[in-house]
Amino acid sequence: MALYLLLVMLTACAAIPQDLSGKMFTFPQQTNTAHVRLTTSRQVLRAVTVCLRSFTDLRRVHSLFSMATPSVANDFLIFKDGANDEIDLWIKNNHVDIRGQDYKLNTWHSICTTWDSASGLVQLWLDGKPSSRKFISSGSSISGPIIIVLGQEQDSHGGGFDINQSFVGMMSDVHLWDYTLSSCEIQSYSDRLKFPPGNVLNWSALSFQTIGRVLIEDKQRNCY
């Protein structure tokens with residue numbers, strides 16, 4: 001009974017929102033276990049905007065953001081496709097390739113992705129520059145229970161991790177909205193100007209759990 005109460009207390013503590021302003025998640029090694037699970041009470045998403053910043057030297061494929069439900073492993077996935085210039089976007093197990101992306105190594109990148117179930121259109125913004133808008137999936141919402149993971153790619157609901165798809169590097173400023181941001185709002189995010197914080201996930205009030213070797217560190221800044 002005491003152990004059960006301790007587990008309940010630890011879970012409750014993990015769910016308390018934290019202000020991660022000026023912080024970053026560091027994933028220092030490739031594993032098939034280490035990840036961050038982001039917590040939300042939302043169970044239905046008719047539209048999505050995800051924004052985050054990432055830094056890595058990986059040349060292989062790796063996951064940047066993974067959302068899954070019990071019936072759909074790739075409900076919303078941002079996935080870097082190896083050493084080429086493509087980023088793959090997956091919505092409800094359908095995907096499109098976004099080509100011509102200047103995803104440099106050892107550089108902080110701002111990555112935003114929008115999707116709306118009414119139109120079915122998806123778009124990627126890398127460092128404030130938009131991709132072509134493409135049709136991917138329409139007519140149905142993302143319906144939970146939703147599990148969101150950073151650092152790994154879900155091949156099943158909350159699991160099925162592959163070490164060769166794990167993220168190694170740093171991530172910060174993760175936000176999720178239940179609507180599509182305007183191009184000006186995305187530009188403001190990329191330029192670190194004032195923008196509306198995520199109403200589903202907010203980096204300044206983030207509920208999450210870290211599993212395995214994931215560090216929370218001060219974000220490194222240029223010194224002049």
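In which sense, parallel or antiparallel, do strand E2 (residues 35-38) and E14 pair, and over how many bridges? I opened my notes with this pairing, keeping in mind that the model is predicted, and I found that E2 and E14 run antiparallel and are joined by three bridges.

**Entry 1: strand E14 and its neighbours**

I then looked up the individual partners, and I noted that Val-36 has Leu-150 of E14 as its bridge partner. Strand E5 (residues 62-69) also pairs with E14, again in the antiparallel sense and with three bridges, and here I found Ser-66 opposite Val-149 of E14. I next asked which residues of E14 are buried on each side. Ile-147 and Val-149 are buried on one side, while Ile-148 and Leu-150 are buried on the other, so that both faces of the strand are covered. I set beside this the general rule that side chains in a regular strand alternate between the two faces of the sheet.

**Entry 2: residues with positive phi**

I looked for non-glycine residues with positive phi, and I noted Asn-106, whose phi is about 55° and which sits in the loop between strand E8 (94-98) and strand E9 (109-116). Asp-173 likewise is not a glycine and has a positive phi of about 55°, but its place is within strand E15 (residues 169-177). Is Asp-173 buried or exposed? I found a relative accessible area of 15% for Asp-173, and because the cut-off for burial is under 20%, Asp-173 counts as buried. I also wrote down Arg-192, which follows H2 and has a positive phi near 60°.

In strand E9 I picked out Thr-113, which is buried because its relative accessibility is 1%. Leaving aside residues up to four places away in sequence, I listed its contacts as Val-48, Thr-49, Val-50, Phe-76, Ile-78, Leu-89, Val-122, Gln-123 and Leu-124. I then turned to helix H2 (residues 183-190) and asked which of its residues are buried; they are Ile-186, Ser-188, Tyr-189 and Ser-190. These buried residues pack against strand E4 (47-55), E9, strand E10 (121-126) and E15, and I noted that E9 is the strand that holds Thr-113, while E15 is the one in which Asp-173 lies.

**Entry 3: the protein as a whole**

Last, I looked up the overall values, starting with the count of two helices and 17 strands. A compact globule of 224 residues would have a radius of gyration near 17 Å, and the protein agrees with this because its own value is 17 Å. The C-alpha trace spans about 55 × 50 × 35 Å along the principal axes, and 50% of the 224 residues are buried. Of the contacts between residues at least 6 apart in sequence, I found that 68% join residues at least 24 apart. For the charges I recorded 19 positive and 20 negative side chains, with the centres of the two sets 3 Å apart.

Definitions and conventions: Residues numbered from 1 in each chain as written. Predicted model: local features only at pLDDT ≥ 70, side-chain atom pairs only at ≥ 80, totals over all residues. Heavy atoms only, no water. Helix = DSSP H or I, 4+ residues; strand = E, 2+ residues; numbered from the N terminus. Rg over C-alpha atoms; globule rule 2.2 N^0.38 Å. Buried < 20%, exposed > 50% of the residue type's maximum accessible area, 1.4 Å probe, protein only. Contact = heavy atoms within 4.5 Å. Lys, Arg positive; Asp, Glu negative; His and termini not counted. Charge placed at Lys NZ, Arg CZ, Asp CG, Glu CD. Pairing = 2+ DSSP bridges.
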